[in-house]
Structure formats: structure tokens, C-alpha cells
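Subject: The structure you asked about

Hi,

Here is the structure to look through when you have a moment.

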Amino acid sequence: MDTRQLKKFISILALVVCGHFSQAQDFSAFKKAVFVRGKDTLLYRIMYPVDYNVNKSYPLIVFLHGAGLRGNDNERQLTESGRFFLPDSIRTKYPAIVIFPQCPSDSMWFKHPPSPPFDTTVAVNHQMNTLALSTPERLVKLLMDSLAAHKIADKKRIYLGGTSLGGFGTYDLTSHYPDYFAAVFPICGQANVALYPKRAKNVPVWIFHGAMDDVINIWPDRAMIKALQQSGAKHARYTEYPEGKHNIDANVFAEPDLFPWLFSFRK
């Protein structure tokens with residue numbers, strides 16, 4: 001194998017390991033769907049439990065993808081984290097409806113204060129979660145409402161997670177609707193350290209971040225867990241990966257306690 005072939009092999013291997021080689025993964029269990037409200041449309045993929053019973057309400061997990069997977073193909077949002085929900089061991093032991101919505105490329109999972117994208121300075125942090133929902137974020141909330149209203153999803157067992165931009169969105173939706181979610185797990189995101197504990201300290205949360213994150217500064221999450229603990233939050237967990245950079249989804253979903261912890265909570 002010459003140098004050129006070796007470099008090509010390494011590049012392909014890296015894509016597979018990072019979960020970006022979508023053609024190698026079968027996502028057919030996630031069905032394509034569209035949610036429309038007025039003039040607004042949300043594309044999403046939905047996976048039902050094995051042996052799904054239409055007469056039963058199931059726990060609902062909604063996972064918000066990162067900024068790089070935005071678009072309108074209703075496919076890309078699965079390429080990084082969708083695979084972690086597919087194993088039979090997970091689907092059998094924790095039967096749930098799993099939804100991966102897709103944020104359009106010209107929007108966000110939250111409304112960012114006037115500043116550069118993903119700014120984590122203290123001044124910007126103290127403006128986080130103070131604005132109204134973005135359109136995609138609002139549609140995600142309405143979709144969850146609809147599934148609960150039709151008793152497809154169990155309204156007492158709605159769980160929310162997300163990575164990077166999706167971590168921001170997870171915090172933001174929880175901040176706006178602290179009585180809605182049974183538990184949440186933001187990954188390498190950011191929330192208003194002063195405001196979030198006041199609004200959502202009673203929401204079980206497991207925060208994840210890589211100590212070497214070179215995209216989203218880790219300080220807001222480090223400060224957040226301290227603020228939650230000081231506010232008396234009873235179910236706030238924090239995991240930091242010393243060698244982890246920004247893409248830590250594989251680390252998070254390798255945590256043996258993640259699904260047991262998540263499903264131990266209900267409203």
C-alpha cells in the first residue's frame with residue numbers, strides 16, 4: 001500500500017469511527033416524517049419501539065443534532081448519534097419512541113443573543129435563554145405536545161438531549177418549560193448559569209463536556225453544575241472527559257448508566 005492509498009484508508013477509517021460514514025449505517029428503522037404548523041415545517045425521523053402497540057403510550061426521547069448537520073434532506077441529522085439508539089439491547093430494554101428533528105441550515109435550536117455564534121463570554125452567557133423560542137425549536141415543542149395529546153407519547157416520560165447546538169437547544173427548551181421534561185442530557189452545550197438553576201433546578205439533568213473542547217468553552221458547564229448544586233438541585237450530574245474534545249457523543253452513549261438513569265425519572 002503506497003502513501004496515497006494509506007492516507008485514503010486512514011481518512012475512510014476516521015469517518016467510520018466518527019459516525020459520519022452514513023452509508024455504512026442502516027437508519028431504515030427511523031422513518032421519515034414531516035410536521036407542519038401554519039407556514040412552518042419541521043422535518044424529522046421517528047423510530048418506534050420493537051413490537052410497537054398503537055394502543056399504548058411510550059416514553060419519548062427527542063435528540064437535537066449539532067450545527068453541522070442542519071439542512072433539509074431529513075437524513076443528515078442521524079449520521080452522528082442516530083446509531084446509538086439502534087442496538088437491540090437498547091430498544092428491547094428501554095422501549096421508547098425516538099425522534100431526531102432536523103434544524104434548517106439557516107436557523108438554530110435557540111435564539112442567540114446578538115453576538116458571534118456560540119460565544120461563551122460571561123456577558124453573552126447572562127443573556128442566554130432570555131429570548132423567545134426559535135421557529136424550529138417551537139415546532140419541536142409543538143410536535144411533542146401533539147404526540148402527548150394523542151397519547152402516542154407518555155406525557156410523564158418525555159426526555160430531551162442534544163449535542164453542541166443541540167445542547168444549547170436542550171438547555172433552552174428546558175429553561176422555557178421546566179415542568180415539561182422528565183429528564184434531560186445536554187452535551188457540550190451552554191446555558192445561562194445565573195438563570196437556569198432558578199428556572200430548572202428541579203429537572204433531572206446529566207451534563208457532559210470534553211475538557212479539551214475546542215469549539216464550545218467548557219467553563220459554562222463547569223459553572224452550571226456548581227450553580228445547580230448550590231441551588232439545591234437533587235438530580236444534577238456532571239461528567240467531564242479529560243481527553244475529550246468537541247465530538248464526545250460516543251463517550252456519552254458508552255456510559256452504562258445513561259439509559260437507566262434517564263428512564264428512572266418520570267413527571
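**What I found**

Let me start with charge: the protein has 31 positive and 23 negative charges, and their mean positions are 6 Å apart. Lys and Arg count as positive, Asp and Glu as negative, while His and the chain ends are not counted. Each charge is placed at NZ of Lys, CZ of Arg, CG of Asp or CD of Glu.

A word on where this comes from: it is a predicted model, in which local features need pLDDT of at least 70 and side-chain atom pairs count only at pLDDT 80 or more, while totals for chains, interfaces and linings use all residues. Residues are numbered from 1 along each chain as its sequence is written, and side-chain values use heavy atoms, with hydrogens and water left out.

**The overall picture**

The protein has nine helices and eight strands; these are DSSP runs numbered from the N terminus, with helices being H or I of at least four residues and strands E of at least two. Along the principal axes, the C-alpha atoms fill a box of roughly 60 × 45 × 40 Å. The radius of gyration is 18 Å, which agrees with the value near 18 Å that a compact globule of 267 residues would have. That radius is taken over C-alpha atoms, and the globule rule is 2.2 Å times the number of residues to the power 0.38.

Of the 267 residues, 52% are buried (under 20% relative accessible area, with exposed over 50% and partly exposed in between, using a 1.4 Å probe and protein chains only). Take the contacts between residues at least 6 apart in sequence: 73% of them join residues at least 24 apart, where contact means heavy atoms within 4.5 Å.

**The aromatic residues**

I think you will enjoy this part. The count comes to 24 aromatic pairs. Rings of Phe, Tyr and Trp (its six-membered ring) pair if their centres lie within 6.5 Å; planes under 30 degrees apart are stacked, over 60 edge-to-face and the rest tilted.

Phenylalanine 63 lies in strand S3 (residues 58–64), so its pairing with phenylalanine 100 in S4 ties together parts 37 residues apart in sequence. Phenylalanine 30 and phenylalanine 100 are buried, and phenylalanine 63 is buried too.

These residues belong to one aromatic cluster, whose members include Phe30, Phe63, Phe100, Tyr159, Phe185 and Phe253. Phenylalanine 185 is in strand S6 (residues 183–187) and counts as buried at 1% relative accessibility. Beyond its neighbours within four places in sequence, phenylalanine 185 has contacts including Phe63, Trp206, Phe208 and Phe253.

**Two backbone details**

Most residues other than glycine have a negative phi. Asparagine 74 has a positive phi of about 60°; it sits in the loop between S3 and helix H2 (88–93) and is buried, at 5% relative accessibility. Phenylalanine 118 also has a positive phi of about 60°, and its place is in the loop between S4 and helix H3 (122–125).

Best wishes
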